[in-house]
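Please examine the sequence and the structure shown below. The paragraphs that follow lead through selected parts of the fold, one element at a time.

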Amino acid sequence: MILFFIILVLLLSLVLGKLYFEIKKMSSIETREVVRDVFAIQDGFVNLFLVKNGSTYIAIDAGRNLDHIQKELNLLHINPESVVAVFLTHSDVDHIAGLKLFKNARIYLSREEEQMITGQTARFLFMKNKLNYVHELVEDNQVFNVSGIKVKGILAPGHTPGSMCYLVNNTYLFTGDSMGIKNGKIIEFNKIFNMDTQTQEKSLKKLADLPGVEYLFTAHYGFTDEF
């Protein structure tokens, strides 16, 4: 039993060390208005984004720490109750933890991601994602008009089966964990966190064919204006 415990501790240490190393590779954007009416909210190693039209906002994802998100919103003098919709790129905990802040928002999630929160598909081994909020399901290529903001959902599986990108106003592409950026080049997301990297490669080719995109925003690796 002692030997088993020692081996278990060593394995756990190796896994945690690997996770720490992979997270250290990430480079989120500091909280600020990145381009006109597009705001990055930094929540440790992850970003959520807000897009403004008039006095209302939509959010892309909802971060990992509710209290920290509130502090960052205060820096920008943004009232979370002015967020009318949250479009989730997927259901991992570092993308949904701040949902409680957005009391007036409708929540959107891709239909293919539903399997991750119903218990049908596990995230890692026996670990499963949860989403304890009423939400609407989004089909691939479905288009929404929310308070004058056009949002198109684009299915990009790989990180999770239902990972979805959102093209906003035909100009801004928000990709969640569907890719990273390194030295100005698009790369696959960290393989240790991907459920199917080969499928993600196919999704990247699909996204590369999108016309009209001027800015690309990732959840963990910043943004680029050279789509």
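Asn53 has Thr56 in β4 as its bridge partner. The model in which this pair occurs is a predicted one. The two strands concerned, β3 (residues 46–53) and β4, pair in the antiparallel sense over five bridges. Two residues lie between the strands of this hairpin, and Gly54 takes a positive phi near 65° there.

Strand β4 covers residues 56–60, and five of its five residues are buried. Side chains in a regular strand alternate between the two faces of the sheet. In β4, Thr56, Ile58 and Ile60 point one way, Tyr57 and Ala59 point the other way, and all are buried.

β4 also pairs with strand β5 (residues 83–87), to which four bridges join it in the parallel sense. Within this pairing, the bridge partner of Ile60 is Phe87 in β5.

At the start of helix α2, a side-chain oxygen of Asn65 reaches to within 3.2 Å of the backbone nitrogen of Asp67. Just after the helix, His77 takes a positive phi of about 60°. Which residues of α2 are buried? They are Ile69, Glu72 and Leu73. These residues cover an arc of only 100° around the axis, and therefore lie on the same side of α2. An α-helix has 3.6 residues a turn, so residues three or four places apart point the same way. The buried residues of α2 pack against β2 (38–43) and β3. On the face turned away from the buried side, α2 carries the exposed residues Asp67, Lys71 and Leu75.

Leaving aside neighbours within four places in sequence, Phe87 is in contact with Ile58, Ala59, Ile60, Asp61, Tyr108, Phe144, Val146, Val151 and Tyr166.

Leu173 belongs to strand β11 and stands opposite Leu216 in β14. Is Leu173 buried or exposed? Leu173 has a relative accessible area of 0%, and is therefore buried. Not counting residues up to four places away in sequence, Leu173 touches Ile154, Cys165, Tyr166, Leu167, Leu210, Val213, Tyr215, Leu216, Phe217 and Phe227. Leu173 and Ala208 are 35 residues apart in sequence, with their C-alpha atoms 11 Å apart in space.

Definitions and conventions: Residues are numbered from 1 along each chain as its sequence is written. This is a predicted model: local features need pLDDT of at least 70, side-chain atom pairs count only at pLDDT 80 or more; totals for chains, interfaces and linings use all residues. Side-chain values use heavy atoms; hydrogens and water are left out. Two strands pair if DSSP finds at least two bridges between them. Buried means under 20% relative accessible area, exposed over 50%, partly exposed in between (1.4 Å probe, protein chains only). Contact means heavy atoms within 4.5 Å. The arc is that of the directions from the helix axis to the C-beta atoms. A polar contact is a pair of N or O atoms within 3.5 Å; within protein, one must be able to donate a hydrogen and the other to accept it, and residues adjacent in sequence count only if both atoms are side-chain atoms.
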